[in-house]
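Please examine the sequence and the three-dimensional structure shown below.

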Amino acid sequence: MTGLLKKIFLVDLFQGLFVTFRNQNPKYIYTEQYPAERPKVAERYRGAPRLNINPDNGETLCISCNLCALACPENLIVVTSERSEVTKRKELITFTYDTSRCMFCGLCEDACPVDALELTQDFEMASYTREGQIWDRQALEEGPKPTQYKC
Amino acid sequence: MPDSTFLDSTELVLNMGPQHPSTHGVLRVILKLDGEKVLGTDCIIGYLHRGVEKIAENRTYAQFNPYVDRMDYVAAVSNGLGYCLAVEKLLNVEAPPRAQAIRVILTELNRIASHLLWLGTHALDIGAITPVFYCLREREEALKIFEKYCGARLTTHAFRIGGLLYETYDGFEQEIRDFCKMFIPKVDEYEELLTNNRIWVGRLKDVGILSADECKEFGVTGPVLRAAGVKWDLRKAQPYSGYEKYDFDIPTRQNGDTYDRYMVRMEEMRQSVRIMEQAVEGIPEGPIMGKVGKVIKPAIGEAYVSIEAPKGELGYYIVSDGSTQPYRCRVRPPSFVNLQALDRMIRGGLIADVVAVIGTLDIVLGEVDR
């Protein structure tokens with residue numbers, strides 16, 4: 001009998017609708033108004049790679065040990081270096097990083113013994129060409145420069 | 001399947017997919033129909049085949065770790081756990097207790113995230129649009145914890161062979177506790193929306209029945225098996241990563257229809273919260289990385305480890321030839337095996353039930369095709 005009455009008065013449907021009405025004025029709004037409001041990514045976010053430079057003298061921190069290139073599952077890092085006659089140390093010549101094939105696993109970052117290569121919080125890395133996705137040493141040191149439109 | 005000519009009959013062969021939104025990816029189902037009735041199905045898979053098992057043979061053990069996240073991409077943490085456990089078994093090391101506790105918390109959080117996505121999309125397929133918004137809202141909280149912990153939301157690469165790379169961030173425990181506290185009322189909310197709803201019940205009850213014997217015949221595992229009444233959960237049957245320390249129940253139901261599978265998954269989310277609550281209270285202090293060398297080079301041998309992923313038994317079989325790369329890495333994906341029962345479940349049903357049954361199997365095509 002109660003089952004029939006519940007069926008006639010659509011109790012089950014109103015029960016569900018009540019939940020919907022309870023959520024009419026949500027406390028937290030999760031939608032991000034993207035170009036106007038940039039998402040705050042976490043501190044450990046693995047985004048665009050960066051080759052760190054020493055802030056004091058502008059020299060690269062990279063010691064050309066090639067460990068990142070060995071650690072990379074996709075083999076997308078190419079490091080070339082030359083042994084300097086003066087200091088007898090390896091000096092970095094080129095460093096290319098193909099972001100189009102990168103899956104941001106962070107293994108290169110883990111492998112780096114001097115924290116020169118780092119995955120940063122920048123995530124806007126789009127480019128109009130495929131070649132633009134292959135970052136050279138200069139691009140890696142400067143980081144991506146996304147166009148920002150004022151809203 | 002469409003073997004004979006169908007010109008002289010009323011049979012109609014219909015392609016569902018690979019672009020159909022309700023097949024949850026690139027699954028193509030060839031349906032043989034008589035009016036509304038499904039006479040038979042034929043699944044065509046492979047549209048998302050990337051050769052992950054072959055890739056493993058050309059990568060070192062550590063390098064292959066991010067690839068496993070890309071198989072079942074809604075439950076990447078579980079995939080990583082299975083792979084890490086398999087390699088750890090090969091190396092004969094064990095992750096330290098602290099790492100194990102954090103692994104349990106994150107995999108259970110991932111189970112909730114996976115079930116939430118399943119619930120949202122399953123309800124959306126049936127026609128209930130509201131749950132998907134609520135589910136994704138809660139899933140967002142889980143993904144935020146993943147992002148804070150390991151820097152990625154979906155393809156997390158959270159675990160490393162031998163333990164963990166990342167120490168927990170400040171406030172990790174509190175955030176897990178807050179999530180647990182927030183989440184249980186939300187599950188009740190979903191149940192209020194759906195469980196008694198007459199359309200939901202009408203669409204799901206007695207649809208896609210798979211009995212316990214049929215489940216065993218097909219090798220189906222996970223919530224699909226438990227909904228048929230078999231109390232089988234690898235977390236209890238072969239405890240791994242310290243699951244034996246936690247107190248939780250295995251939810252089961254008897255009928256093995258789509259509605260029961262829904263009920264089992266809802267209850268599983270509550271049990272996951274229970275495990276997380278226990279685990280977060282007792283995270284031991286200590287190191288997070290076991291004794292694993294920089295270069296992972298297991299001795300010649302083989303190992304099979306299976307874990308209870310959100311979708312069922314996820315197994316990794318790795319053969320080592322003594323080098324730094326696996327000789328063979330075979331994955332036993334739950335989605336692929338569960339998908340094989342699709343024909344049995346919808347044969348004789350109605351065409352509208354096909355969507356419900358594909359939804360209830362909770363397949364991820366990245367894992368089916370690998």
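Two residues are in contact if their C-beta atoms, placed from the backbone, lie within 7 Å. Helices (H or I, at least four residues) and strands (E, at least two) are DSSP runs, numbered from the N terminus. This is a predicted model, in which local features need pLDDT of at least 70, side-chain atom pairs count only at pLDDT 80 or more, and totals for chains, interfaces and linings use all residues. Residues are numbered from 1 along each chain as its sequence is written, while chains are lettered from A and ligands numbered from 1 in the order in which they are written.

Chain A contains 5 helices and 5 strands, and from the N terminus on its elements run α-α-β-α-β-β-α-β-β-α. Along its principal axes, the C-alpha trace of chain A spans about 95 × 35 × 30 Å.

In chain B, helix α6 (residues 172-194) has 23 residues. The elements covering the buried residues of α6(B) (buried: 20 or more other C-beta atoms within 10 Å of a residue's own, C-beta atoms being placed from the backbone) include α2 (11-22) of chain A and, from chain B, α4 (97-126), α5 (130-150), α7 (198-204) and α11 (258-281).

Between the chains, 19 residues of chain A are in contact with 21 residues of chain B. The largest share of the side of chain A that touches chain B, 6 residues, comes from α2(A).

Technical notes
Expected span 1.5 Å × (residues − 1).
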